[in-house]
Amino acid sequence: MRLGIHLTTFNHPADPAGLAAELAATGRAVEAAGAETLSVMDHYFQMEQNGLAEHPMLEGYTTLGFLAAHTSAARLGLLVTGVTYRHPGLLAKIVTTLDVLSGGRAFLGIGAAWYDREHRGLGVPYPATAERFERLEETLQICGQMWDPANNGAYAGKHYQLAETLNSPQAVSSPRPRILIGGGGERKTLRLVAQYADACNLFAIGVEGVKHKLGVLDAHCADLGRDPAEVQRTLLYRSAALDNGDLDQTTQELAAYAELGISTVILVPPGEGSPAEWIERRCVPLAPKLAELG
């Protein structure tokens with residue numbers, strides 16, 4: 001089992017001017033832990049379940065560009081890009097730019113978006129759920145076309161029309177940046193994973209719950225004629241045991257998910273204190289234990 005780190009809060013220094021130094025230190029700690037991925041959220045306002053909407057929140061892709069300069073191995077992406085926040089042609093260009101400047105370390109994490117308050121607050125259209133999923137599928141198709149150097153022609157969808165899908169330079173990642181779709185919706189989200197994605201990301205809803213979601217994903221793969229082994233299974237995980245420094249209990253908790261085929265566990269530093277220090281104290285010693293699972 002491999003390790004990922006996901007940052008959800010940016011209120012660690014009292015002065016926002018200290019955020020850059022903390023993020024740089026976090027990048028160094030992620031590298032020291034040998035983490036496979038480093039991700040941040042794609043929000044304009046802080047999620048209310050994490051604190052207050054007024055708490056600090058940085059724009060995601062700008063933050064990843066900064067982190068690219070302070071890391072050398074970890075893959076970088078948003079967990080996950082809200083499909084409503086950027087026009088898909090521009091999104092493909094943004095991810096391509098991150099991939100080129102990071103030496104091929106960008107991935108596209110994407111989902112249907114959900115935080116209506118920040119949409120309304122900043123004047124971003126927030127369509128109904130069905131339309132957001134239609135837009136998500138069209139965005140996945142457009143990104144695939146943008147990342148195909150042999151196809152820079154038009155795209156005509158229900159919601160998006162592009163006269164050209166020219167994308168120069170192309171991504172460094174081969175054949176394209178990896179695509180991760182977040183969420184466990186059984187009818188739409190997991191079908192899109194099976195059809196378009198290289199990885200899924202599930203919440204840790206319990207071993208039996210995750211087992212059921214993976215079974216649904218496997219069934220969608222079978223319906224589409226895709227080998228389910230091609231889809232990496234990742235899990236977003238918060239651990240009270242890890243926060244308390246109990247590495248053995250954390251490893252035991254995660255072993256059950258590893259048996260289900262979860263190959264990457266994405267851990268979330270607590271909202272208080274320095275994420276860099278937490279990664280150094282908790283994740284650096286945990287990583288070798290995770291490597292033994294599988």
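Biologist: Where is Ala-113 in the chain?
Modeller: In this predicted model, Ala-113 sits in the loop that runs between strand S5, residues 107-111, and helix H4, residues 116-122.

Biologist: And is Ala-113 buried or exposed?
Modeller: Ala-113 counts as buried, because its relative accessible area is 14% and the cut-off for buried is under 20%.

Biologist: What about phi of Ala-113?
Modeller: Phi there is near 70°, which is a positive value in a residue other than glycine.

Biologist: Where does Pro-169 lie, then?
Modeller: Pro-169 is in the loop between strand S7, residues 161-162, and strand S8, residues 178-182, and Pro-175 likewise lies in the loop between S7 and S8.

Biologist: Now Leu-236: which strand is that in?
Modeller: Leu-236 belongs to strand S10, which covers residues 232-237, and this leucine counts as buried because its relative accessibility is 17%.

Biologist: What does Leu-236 touch?
Modeller: Leaving aside residues up to four places away in sequence, Leu-236 touches His-6, Leu-79, Asn-201, Leu-202, Phe-203, Ala-204, Ile-266 and Val-268.

Biologist: How many residues apart in sequence are Leu-236 and Gly-4, and what is the C-alpha to C-alpha figure in space?
Modeller: Leu-236 and Gly-4 are 232 residues apart in sequence, while in space they are 8.7 Å apart, taken from C-alpha to C-alpha.

Terms used:
Residues numbered from 1 in each chain as written. Predicted model: local features only at pLDDT ≥ 70, side-chain atom pairs only at ≥ 80, totals over all residues. Heavy atoms only, no water. Helix = DSSP H or I, 4+ residues; strand = E, 2+ residues; numbered from the N terminus. Buried < 20%, exposed > 50% of the residue type's maximum accessible area, 1.4 Å probe, protein only. Contact = heavy atoms within 4.5 Å.
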